[in-house]
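Okay, thanks for making time, everyone. I'd like to walk you through one structure today, so let me put it up on the screen.

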Amino acid sequence: MGFDLSGKRVAVLGTGKIGSILLKALLEKGQLTPQSTFATVQHEERARALTEKLGIPVGTDNLAAVPDADIILVCVKPQVVQEVIEQIRPNISKKQLIISVAASVHTSQIERALASEIAVVRAMPNTPCALGCGMTAVCKGKFADTAHVAAACALFDVVGKTVVVDEKHMDAVTGLSASGPAFIYIILESLAEAGVKVGLPRDIATLLAAQTTLGAATVVLETGDHPALLKDAVTTPAGCTIDGIMELEEGKLRVTLIKAVVKAAQRAKELANG
Ligand SMILES: NC(=O)c1ccc[n+]([C@@H]2O[C@H](COP(=O)([O-])OP(=O)(O)OC[C@H]3O[C@@H](n4cnc5c(N)ncnc54)[C@H](OP(=O)(O)O)[C@@H]3O)[C@@H](O)[C@H]2O)c1
């Protein structure tokens, strides 16, 4: 998006699953350098292990991690965000940008906890960011401007695709693209099992299922065609695909997936409260 991140110093607070994925990917892609990056976790022994693994300083003191950072990436659990923001508040200035990836926690909650006009951006990435094929949605808080959004997009563009949304859509995004990889893995695992059931060796069945999923997704992304049209192109009259589709409809796959995303999005609304 044309925003230059080079030379920017980043502090990652909460280097668990998603924090590590983002940090590792951004370091590997050269978007961050070990000299310009600092991270924190809760436990000392994990800090030591991560320092060794990532080759960057990792500590447990959030307040000490932030004074020199241009961007502070908050990757703790939703229930811990308030506590962490209150810890760092004395060392935060208006020159800094806070990006929170916590589900459920609104930018206004973070702004209130900061008690001054600090730029806050909320981002919702997903685990495929690990391999540069993630999906991240970004929205801005009251005191963030387009340059702050561009900085957040530049950061997440490095690990996949990025989209800017209104904050009212963030719980929906959480239910669809942040939880989504788990849903897709279940579908993939089931297709691979199906391959085994019809006689394929498991490794070949898994390859066929994964590459087919990737191929179908790539066609949707690259053509922009409606998935229903693409499905019709596979479905020969009186062929075998329509028999499979009838089973999917009878098994209510479509409505089950819709309900899964609805439930995950509803849960995303509640997370910050425990
Ligand atoms: N996982 C995903 O796919 C995903 C996707 C998008 C957004 N998110 C959001 O990302 C956040 C983290 O999720 P996660 O799955 O990565 O959780 P996680 O693996 O449990 O990581 C949480 C991390 O926070 C650290 N931590 C806890 N209290 C802390 C404190 N006071 N100061 C500094 N660090 C602290 C933990 O330290 P220790 O390692 O020492 O315990 C751990 O490293 C959540 O808000 C979630 O909504 C997750």
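This is a predicted model: local features need pLDDT of at least 70, side-chain atom pairs count only at pLDDT 80 or more; totals for chains, interfaces and linings use all residues.

The protein splits into domain 1, residues 10-167, and domain 2, residues 180-273. Taken over C-alpha atoms, their centres sit 32 Å apart. Where they touch, domain 1 puts in eight residues and domain 2 puts in seven. On the domain 1 side, that's four nonpolar residues, four polar ones and no charged ones.

Next, have a look at helix α7, residues 170-178. How much of α7 is buried? Eight of its nine residues are, so the helix is largely enclosed by the rest of the structure. The buried ones are Met170, Asp171, Val173, Thr174, Gly175, Leu176, Ser177 and Ala178. And what do they pack against? That would be β6, β7, α8 and α12.

Okay, on to the ligand. There are 27 residues around it, and the closest are Gly14, Gly16, His43, Ala102 and Ala103. If you're asking which elements give two or more residues to that shell, they're α1, residues 17-28, and α4, residues 78-88.

You'll find His43 in the loop between β2 and α2.

Last bit: backbone angles. Most residues other than glycine have a negative phi. Which residues here go the other way? Ala115, for one, has a positive phi near 60° and isn't a glycine. Ala115 is in the loop between α5, residues 107-114, and β6, residues 119-124. Lys252 is another non-glycine with a positive phi, about 60°. That lysine, Lys252, sits in the loop between α11, residues 241-250, and α12, residues 253-270.

Where do those two stand on exposure? Ala115 counts as exposed, because it has 11 C-beta neighbours inside 10 Å. Lys252 also has 11 inside 10 Å, so Lys252 counts as exposed.

Methods: Residues are numbered from 1 along each chain as its sequence is written. A residue is near a molecule or strand if its C-beta atom, placed from the backbone, lies within 6 Å of it. Helices (H or I, at least four residues) and strands (E, at least two) are DSSP runs, numbered from the N terminus. A residue is buried if 20 or more other C-beta atoms lie within 10 Å of its own, exposed if 12 or fewer, and partly exposed in between; C-beta atoms are placed from the backbone. Two residues are in contact if their C-beta atoms, placed from the backbone, lie within 7 Å. Domain bounds come from an automatic or database domain assignment. Ala, Val, Leu, Ile, Met, Phe, Trp, Tyr, Cys and Pro count as nonpolar, Asp, Glu, Lys and Arg as charged, and the others, Gly among them, as polar.
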